[in-house]
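Subject: A structure for you to look at

Hi there,

Here is the structure I promised to hand over. Have a look at it first, and then read my notes below.

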Amino acid sequence: MDIFEIHGGNPLEGEVAVRGAKNSALPILIAALLVEEGESVVRNVPNLKDVYTCLHVLEHLGVEVDFDAGTSTARLDASRLGSCEAPYELVQQMRASFMVMGPLLGRLGKARISLPGGCAIGPRPVDLHRRAFQAMGTQVVDEGGYIVAVADPLRGANIFFDRPSHTGTENVIMGAVLAEGTTNIVNAACDPEVVDLARALNAAGARISGAGSSEVAVEGVTALKPLDHTVMPDRLEAGTFLIAGAITGGRVTVTGARPGDMGLVIAKLKEMGVDIAVKADTMTASLSGRPQTGSVVTYPYPGFPTDLQAAIMALASLADGTSVIHETVFEDRFLHVAELVRLGAEINTAGDEATVIGVERLSGASVMASDIRAGAGLVLACLAAEGESVVNRVYHIDRGHERLEERLRLLGADIIREGLDTVRESS
Ligand code: UD1
């Protein structure tokens with residue numbers, strides 16, 4: 001288990017290029033399952049632990065996978081699927097693996113997928129996915145921790161989501177692509193990654209309309225051509241680097257991004273006194289003095305992303321006054337609060353609301369990452385804190401950020417990665 005050792009206080013300066021979006025790459029790699037003949041090519045795939053887990057799941061199902069991390073290109077041939085099972089060992093590492101259900105039902109008419117189990121940010125059920133596939137004519141039974149689904153065949157239906165589920169929308173879109181008839185998803189997730197998936201599939205012959213709105217229609221087709229797609233830039237990573245520039249009182253330019261996907265993030269940062277300059281695909285964030293307070297409500301897209309809640313909380317913890325952060329997407333997404341408090345932040349939580357009383361300075365301490373985004377938020381706080389900090393359980397951060405410490409170092413951060421064993425030996 002690696003750790004980050006951070007000596008905080010350096011203002012970050014310079015340019016950093018955003019990688020491909022993890023949350024777009026995963027469903028698009030999984031969508032290759034739908035292609036019966038030929039090799040799909042997916043470019044701009046980030047070199048992340050979650051991507052490798054996804055590729056392992058696909059290999060387990062019989063997909064031939066070739067991922068060149070140097071060129072960020074994955075080649076996938078799903079012509080000889082040998083299994084319809086996604087086992088517990090893989091799904092528990094990454095719950096997004098559950099998205100193989102749609103393509104397997106569309107392609108083979110059956111799937112046996114491990115239930116993902118609990119998660120650090122809440123129970124995260126899959127009932128919306130399950131009910132949607134049942135509405136599409138699938139028999140679903142639970143068997144020893146697995147969901148066993150059989151469709152004979154998968155048929156288009158009207159799906160009404162109680163709430164917009166990001167991967168739920170993607171799972172159903174992928175199933176519906178090869179289903180008989182038309183599927184209408186009402187209250188669909190509107191995230192840009194859903195649009196990216198639809199673009200990848202439509203270019204291969206699918207008929208998806210309305211992606212990016214809350215009503216998506218998918219007219220089933222009999223076969224797809226191989227995918228050939230370049231994954232969109234990661235808006236969460238872009239937001240993380242912008243906040244890194246602001247929280248350290250520096251000036252960071254993020255390149256290769258899509259500012260149009262980040263309206264509310266940019267607006268919130270401006271509200272908190274961060275100077276943001278947007279030009280085509282670059283954004284520059286700078287801040288002199290303390291941030292101002294902000295009130296943040298996380299909400300499904302185009303609302304403020306829950307995945308940047310920890311990062312903006314880190315910024316708010318240094319604000320000149322009191323900010324309120326309301327988490328409405330996940331039930332239990334404040335595990336980073338106790339860690340920020342270890343760094344000297346003053347934060348009180350009550351239910352889904354955190355009151356952040358800004359302090360003048362944070363000071364270094366040992367903290368622990370509990371998920372990808374909480375981990376990134378803690379790294380930001382440690383970059384701003386005076387003195388030495390250690391971030392434990394860096395493997396969470398590696399799931400979603402490619403070599404985060406190396407890229408922060410290029411911006412002037414004093415951050416190194418240590419293997420815990422190395423540290424133990426030398427202490
Ligand atoms: C995706 C993202 C994750 C992000 C989240 C919310 C990927 C791989 N992951 O996760 O980074 O934090 O969207 O933007 O894209 N829910 C149910 N039943 C279901 C499904 C979801 O109750 O069947 C609930 C969840 O518990 C949560 C809310 O709906 O409270 C939204 O979850 P959802 O949008 O499904 O998140 P994911 O798709 O898992």
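A word on terms to begin with: angles under 35 degrees count as roughly parallel, over 145 as roughly antiparallel, 65 to 115 as roughly perpendicular and the rest as oblique. Axes are lines fitted to C-alpha atoms, for helices over the stretch in contact, and angles run from 0 to 180 degrees between N-to-C directions. Helices (H or I, at least four residues) and strands (E, at least two) are DSSP runs, numbered from the N terminus.

Please keep in mind that this is a predicted model, where local features need pLDDT of at least 70 and side-chain atom pairs count only at pLDDT 80 or more, while totals for chains, interfaces and linings use all residues. Residues are numbered from 1 along each chain as its sequence is written, and side-chain values use heavy atoms, with hydrogens and water left out.

**A helix pair**
Helix α8 (residues 235-247) packs with helix α10 (residues 309-316) at an angle of about 10 degrees, and their axes are 10 Å apart. The two are therefore roughly parallel to each other. In contact (heavy atoms within 4.5 Å) are Ile243, Ala246 and Ile247 from α8 with Ala311, Ile312, Ala314 and Leu315 from α10.

**Two domains**
An automatic or database domain assignment gives the bounds: domain 1 covers 2-16 + 234-426 and domain 2 covers 24-230. Their C-alpha centres lie 31 Å apart, and 20 residues of domain 1 are in contact with 20 residues of domain 2.

**Helix α2 and Lys49**
Buried means under 20% relative accessible area, exposed over 50%, and partly exposed in between (1.4 Å probe, protein chains only). In α2, the buried residues are Asp50, Val51, Thr53, Cys54, Leu55, Val57 and Leu58. Lys49 also lies in this helix; with a relative accessible area of 37%, Lys49 is partly exposed. Leaving aside residues up to four places away in sequence, Lys49 touches Asp398 and Arg399. After α2 comes Gly62, which has a positive phi near 105 degrees.

Enjoy exploring!
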